[in-house]
Structures are given as C-alpha cells and as structure tokens.
Amino acid sequence: MKKALKIAALALAIIFVAIQFFQIDKTEEQTDAKEMLEASVRVGPDVSMILSKSCNDCHSNKTVYPWYANVQPFGWFLKSHIDDGKRHLNFSVWNTYADKKKSKKLEEICEQVESKEMPLPSYLWIHRDAVLSDSDRKTLCGWANEQKGKIDARMENAPIVN
Ligand code: HEC
C-alpha cells in the first residue's frame, strides 16, 4: 500500500513537470484604435476605472496575466476564460460590431453585473480589488443604459435599407 502511494505520487509529479512544457499563448491581437470602445462611445473616468479593474482582463486585448498563468494547469484554466470572454465581448474590437449587437451587449453588461454573474466569481477569489461595489454596479448600469439609448435612437432614425 505504501509503495502504491509512492508510485502514485511520483507519477503525479512527473505529469506535473511534463505539462509545464505546454505553456499558454499570451500574444495579444493587434488593436486598431478606431475599433476600440472609446473611439465611438463616451467612457468617463469612473466607468473606465471599473472596466479596467474588473473586466478588461477577459474582455479586451489588454489582458494582464498573473504569474501563475505560467504554472499549468492554472494557465489553461485562465486562458479558456479569457478566450471565451473575448469571444462574447471584446472592448478592443467594439466598433467591428453592428449597432444591433452593440445595443444587446450594453444591455447584457448591466444584466450580468446586476445578477453578479460578472466579473466571473472564480476571478474574484484572487482579484479582490475587482469586486464591484453597489455604487460601481450603479455607475456601470447607468452608463450602459445611456449608451444603449443613444445607439437605439440612432438605429430608429437610420433610413431603412431594403
Ligand atoms: C475572468 C474573466 C472574466 C472577467 C474578469 C469578466 N468576464 Fe464577462 N465573461 C467571461 C466569460 C468566460 C464569458 C462567457 C461565458 C459566460 O457567459 O459565462 C463572459 C460573458 C460576459 C457577457 C455576456 C456576453 C454575451 O454575449 O453573452 C457580458 C455582458 C460580460 N461578460 C460582461 C462583463 C463585465 C461588464 C465584466 C466586468 C464587470 C466582466 N464581464 C468580467 C469572462 C469574464
């Protein structure tokens, strides 16, 4: 029994070392200033602060990787959230979205923070400073609703193209 445990521990150690050879790719996509959120939407300093402390790591091309991203399997776990997050919403390519999509995303931003689904809870275990206060949520929702209203008004006024 003791021997079996030793073999199991050794096997785990070997696997742990072996997986370190499979590091994640941290290269960012090139960002075009014209495509960024700030190029078409007014983002005040308060909102900008909330987005950078709580959202941008997974929803922009400005991800800051913690040191343990270099330790697998943690890096794989982080990377899957980052890729998935960016696929759903990426502020660095915001202006490549059509108005309809922008309007929907702004609505979801408010819904996701109000229901506390975002920022992802696993992210908050370590990034304690990313936890949103009630007033942060209010600021973010107020901003998102205002910007959504502007885009919706623009869509209503746009000539109908058949
Ligand atoms: C640790 C990574 C991470 C952080 C930090 C994070 N998100 Fe997300 N976000 C995700 C992932 C992964 C998804 C897609 C899967 C899901 O919906 O759970 C997502 C989905 C979303 C969606 C849904 C988009 C859609 O198309 O359905 C919105 C909106 C969103 N996040 C907003 C935010 C906001 C706002 C913040 C900051 C307050 C934030 N997220 C912080 C990872 C993150």
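This report walks through the fold, the surface and the cysteines of a predicted model.

## Overall fold

The chain contains seven helices and zero strands, so its pattern along the sequence reads α-α-α-α-α-α-α.

Of the contacts between residues at least 6 apart in sequence, 76% join residues at least 24 apart.

Of the 162 residues, 36% are buried. The accessible surface of the chain is about 10,700 Å², and carbon and sulfur atoms account for 63% of that area.

Now for the charges. There are 23 positive and 22 negative side chains, and the centres of these two sets lie 7 Å apart.

## The cysteines

A disulfide is a covalent bond between the sulfur atoms of two cysteines. Which cysteines form a disulfide here? Cys 110 and Cys 141 do, with their sulfur atoms 2.2 Å apart. The pair links distant parts of the chain, 31 residues apart: Cys 110 sits in helix α5 (residues 99–114) and Cys 141 in helix α7 (residues 134–157). The torsion about their S-S bond is about 105°, so the disulfide is right-handed. Both Cys 110 and Cys 141 are buried.

Are Cys 55 and Cys 58 buried or exposed? Buried means under 20% relative accessible area. Cys 55 has 15%, so Cys 55 is buried; Cys 58 has 17%, so Cys 58 is buried too.

Note on methods. Residues numbered from 1 in each chain as written. Predicted model: local features only at pLDDT ≥ 70, side-chain atom pairs only at ≥ 80, totals over all residues. Heavy atoms only, no water. Helix = DSSP H or I, 4+ residues; strand = E, 2+ residues; numbered from the N terminus. Buried < 20%, exposed > 50% of the residue type's maximum accessible area, 1.4 Å probe, protein only. Contact = heavy atoms within 4.5 Å. Areas by Shrake-Rupley, 256 points an atom, 1.4 Å probe, with all protein chains shown as cover. Lys, Arg positive; Asp, Glu negative; His and termini not counted. Charge placed at Lys NZ, Arg CZ, Asp CG, Glu CD. Disulfide = S-S within 2.5 Å.
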